[in-house]
Amino acid sequence: SWTRSFKVISGVPILVVDGDGGNNFETWYNVAMDSTYRPYGTWDRTAHGKLSGEQLAKFFIVIWNADLAYPALSTDDMTAIGYYLDKGGRFFISGQDIGWDLCDVSSSDRTAASVAWYQNYLGATYVMDDTNLLTLTGVAGDPIGGGLSFSINGGTGSSRQDYPDEINPRTGASALFTYATGREAGVRYQLGSAKVVYLAYGFQAQSSLTSRTTVMNRVLNWFDVHLLDVPPTQDAVVAFH
């Protein structure tokens, strides 16, 4: 296994942030990452606290599991991720209820600032909570979604997809997957020199290992970094508090 979880993470180009609020979905991310043969480190957001933008900027790619976390992203998280993307980072985030939590008028975490951040940094407009649709199809010709079709219920996935959001891509973003014609479930987004992939459902719920490893590999390939050729960074994340 390539996974490393230390008090200090250094010499790895990818960071996987376990930000699901203690829901234990990280296992599916780790298995998918192991299949890519890219070295990576992990950070438990709940156990070890927030990360700064400067810390995130030590990594070429940040993968953030935010499924069923409330708040999906704290104000400090949004500030750090915004800093990271302003510096040209590569960011993959997935989770049902991210859009609802940051954008829906019924969410206690929603603010005008969180809506603006969501739109500007994730490249999406929130449409609705809980589509009640559990079969996804990739958008034809898309480098990540093209040719794929899978369920987000059952199989070897985590299931527990009670609130998959519907979203629309904003200017500069393209749809990856749809629940049904015209109902988007994910976007990829070019933000200056930064790149973002956002899935409005929980990646871990994809029902087959093949679909999860294929999507993870395609995301990393679209980020266009030959990570095994990258020299080690130094002291990428500070010690736990």
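Which residues point one way from β12, and which the other way? A194, V196 and Y198 go one way, K195, V197 and L199 go the other, and all are buried. By buried I mean under 20% relative accessible area, with exposed over 50% and partly exposed in between, using a 1.4 Å probe and protein chains only.

Quick housekeeping before I go on. This is a predicted model, so local features need pLDDT of at least 70 and side-chain atom pairs count only at pLDDT 80 or more, while totals for chains, interfaces and linings use all residues. Residues are numbered from 1 along each chain as its sequence is written, and side-chain values use heavy atoms, with hydrogens and water left out.

Okay, the overall picture. The protein chain has seven helices and twelve strands; those are DSSP runs numbered from the N terminus, H or I with at least four residues for helices, E with at least two for strands. Of its 241 residues, 55% count as buried. Take the contacts with a separation of 6 or more: 75% of them come from residues 24 or more positions apart, where contact means heavy atoms within 4.5 Å.

Back to β12, residues 194–199. Six of its six residues are buried, so the strand is largely enclosed by the rest of the structure. Who are its neighbours? Strands count as paired if DSSP finds at least two bridges between them. β5, residues 90–94, runs parallel to β12 with five bridges, and F92 stands opposite V197 there. β11, residues 183–191, is antiparallel to β12 and joined to it by six bridges; L191 has A194 as its bridge partner. Look at the hairpin of β11 and β12 too: there are two residues between the strands, and G192 takes a positive phi near 65°.

I'm calling it a salt bridge when a side-chain nitrogen of Lys or Arg is within 4 Å of a carboxyl oxygen of Asp or Glu. The whole structure has four, and here are some of them. D142 and R188 meet at 2.6 Å, N to O. D142 counts as buried at 7% relative accessibility.

Next, E166 and R183 meet at 3.1 Å, N to O. E166 sits in β9 and R183 in β11, 17 residues apart. E166 is buried at 8%, whereas R183 is partly exposed at 24%.

Then there's K50 with D76, at 3.0 Å, N to O. K50 is in the loop between α2 (45–48) and α3 (53–56), D76 is in helix α4 (75–86), and they are 26 residues apart. Both ends are partly exposed: K50 at 48%, D76 at 40%.

Last stop, helix α6, residues 112–122. Its buried residues are S114, V115, W117, Y118, Y121 and L122. Just after α6, G123 takes a positive phi of about 70°.
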